[in-house]
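Here are my notes on the model, as numbered points. Please read them with the structure open.

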Amino acid sequence: MTDVSGTPGTTDPGTTGAGGSRRASETLYYARRNPKLLIGASVVLLLLGIGLIGPLFIDHGPNQYIGPQSTPPSGEYWLGTTSFGQDVWAQFVHGLRSTFLTGTLGGGIAFLIGTTVGFVAGYKGGIVDEILNMLTNVVLVLPGMVVLIVAVAYLDVRGLVVQALFIGLTSWPWAARAVRSQTLSLASRDYVDLARLSGRRTWRIITSELAPNMSSYLVMSFILLFGGAVLIAAGLDFIGLGPAGGVSLGLMLESAVAWSALQLGLWWWFIPPGAGITLLVGSMYILNVGLDEVFNPKLREL
């Protein structure tokens with residue numbers, strides 16, 4: 001992302017008052033006319049709505065045996081049943097809710113750690129920057145998926161929150177490097193120097209001067225971290241390291257493969273979760289591209 005001033009992912013601090021309102025109106029104008037943004041946001045909101053509202057209209061648990069075995073989709077069972085008589089629709093809507101929760105928690109933890117490290121390293125510089133940059137590089141070169149597999153495999157408790165925590169703790173380095181790069185550019189601006197000379201504390205300057213001028217970049221970073229957390233969680237679930245006794249789209253795929261749904265022709269068991277993961281992550285990335293075009297004047301389509 002590049003703004004008018006030429007600094008990627010930042011905005012001009014002078015856009016206050018009438019100028020700020022004009023910038024906001026201009027951004028909203030292009031946002032409502034960007035097809036990628038509208039399509040991506042619509043699909044994400046639709047899936048979120050299904051995950052939040054769907055379970056309220058189901059009177060049985062996702063893993064409960066409630067009907068005949070291996071029944072194809074019908075008016076009674078919208079997505080059919082598994083080989084054990086479980087309602088695939090019930091598993092799908094509960095799995096969507098778990099997937100959104102994992103993405104939010106995992107992506108949110110990575111976002112908080114990454115932005116904190118990036119802001120402090122870029123603003124402080126010197127020995128603080130060197131130490132935090134070294135820490136970032138160490139975590140960055142670690143094989144994240146291998147670390148996650150080993151950590152989760154040897155935990156006695158494998159809950160959704162624990163899974164999201166480990167995903168967040170291993171996914172933050174690239175965000176930290178990106179935020180640090182942006183902060184290094186902004187830290188030398190006149191308005192930051194004035195805030196520093198006025199005696200304002202470091203966190204006050206970061207939260208009131210630096211972060212607001214990187215808001216669009218930060219939003220897009222969280223979207224990417226969210227999508228990454230969803231994919232990592234799905235991978236862990238698929239190899240059998242998901243939450244014990246829980247339900248998720250990845251665990252649905254794992255069960256379908258374990259019980260030969262593909263060989264038995266039970267397409268309604270493995271296609272919905274696979275399509276759900278693909279649609280969610282794909283829509284998040286399309287949404288991200290749309291936001292980039294809206295926030296970046298050079299990419300806008302007139």
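1. Start with Ser83. In this predicted model, Ser83 is buried, with a relative accessible area of 15%. The cut-off for buried is under 20%. Ser83 sits in the loop between H2 and H3. Leaving out residues up to four places away in sequence, Ser83 touches Gln69, Ser70, Leu264, Leu266 and Trp269. For a sense of scale, take Ser83 and Gly168. They are 85 residues apart in sequence, and their C-alpha atoms are 35 Å apart in space.

2. Is Ser70 buried or exposed, or in between? Ser70 counts as partly exposed, at 30% relative accessibility.

3. Ser260 is another serine to inspect for its backbone. Phi of Ser260 is positive, about 60°, although the residue is not a glycine. Ser260 is in the loop between H11 and helix H12 (261-264). Its relative accessible area is 31%, so Ser260 is partly exposed.

4. Ser248 is a buried loop serine. Its relative accessible area is 6%. Ser248 is found in the loop between H10 and H11. Which residues does Ser248 contact, apart from its neighbours within four places in sequence? They are Gly95, Ser98 and Asp237.

5. Now the overall fold. The chain has 13 helices and zero strands. Read along the sequence, the pattern is therefore α throughout, α-α-α-α-α-α-α-α-α-α-α-α-α. The C-alpha atoms fill a box of roughly 70 × 45 × 30 Å along the principal axes. Of the 302 residues in the chain, 47% are buried. Take the contacts in the chain with a separation of 6 or more: 71% of them join residues 24 or more positions apart.

6. Next, the nonpolar cores. The largest one has 34 residues. Phe92, Phe100 and Leu280 have the most contacts inside this core. Which elements give two or more residues to it? They are helix H1 (17-31), helix H2 (35-53), helix H3 (88-124), helix H10 (215-238), helix H11 (249-258) and helix H13 (267-295). H13 supplies the largest share, nine residues. As background, nonpolar side chains tend to be buried together in soluble globular proteins.

7. Look at Phe92 in more detail. Set aside its neighbours within four places in sequence. Phe92 is then in contact with Leu79, Leu249, Met252, Pro272, Pro273 and Gly276.

8. H3 also packs against helix H9 (residues 202-210). The two axes come within 11 Å and cross at roughly 105°. H3 and H9 are therefore roughly perpendicular to each other; the range for that term is 65 to 115 degrees. From H3, the contact uses Thr116, Phe119, Val120, Tyr123 and Lys124. From H9, it uses Thr202, Trp203, Ile205, Ile206 and Leu210. The residues of this contact divide into seven nonpolar, two polar and one charged.

9. Helix H8 (residues 190-197) has a buried side. Tyr191, Val192 and Ala195 are its buried residues. Seen down the axis of H8, they fall within an arc of 100°, so they line one face of the helix. The buried residues of H8 pack against H3, helix H7 (173-186) and H9. The face turned away from the buried side carries the exposed residues Asp190, Leu194 and Leu197. Gly199 follows H8, and its phi is positive, near 90°.

10. Last, helix H5 (residues 144-153). Leu148, Ala151 and Val152 are buried there. Why do these residues count as being on the same side of H5? They cover an arc of only 90° around the axis, which puts them on the same side. The buried residues of H5 pack against helix H6 (160-171) and H10.

Notes. Residues are numbered from 1 along each chain as its sequence is written. This is a predicted model: local features need pLDDT of at least 70, side-chain atom pairs count only at pLDDT 80 or more; totals for chains, interfaces and linings use all residues. Side-chain values use heavy atoms; hydrogens and water are left out. A nonpolar core is a set of buried Ala, Val, Leu, Ile, Met, Phe, Trp, Tyr and Cys residues joined through side-chain atoms within 4.5 Å. Buried means under 20% relative accessible area, exposed over 50%, partly exposed in between (1.4 Å probe, protein chains only). Helices (H or I, at least four residues) and strands (E, at least two) are DSSP runs, numbered from the N terminus. Contact means heavy atoms within 4.5 Å. Axes are lines fitted to C-alpha atoms, for helices over the stretch in contact, and angles run from 0 to 180 degrees between N-to-C directions. Angles under 35 degrees count as roughly parallel, over 145 as roughly antiparallel, 65 to 115 as roughly perpendicular and the rest as oblique. Ala, Val, Leu, Ile, Met, Phe, Trp, Tyr, Cys and Pro count as nonpolar, Asp, Glu, Lys and Arg as charged, and the others, Gly among them, as polar. The arc is that of the directions from the helix axis to the C-beta atoms.
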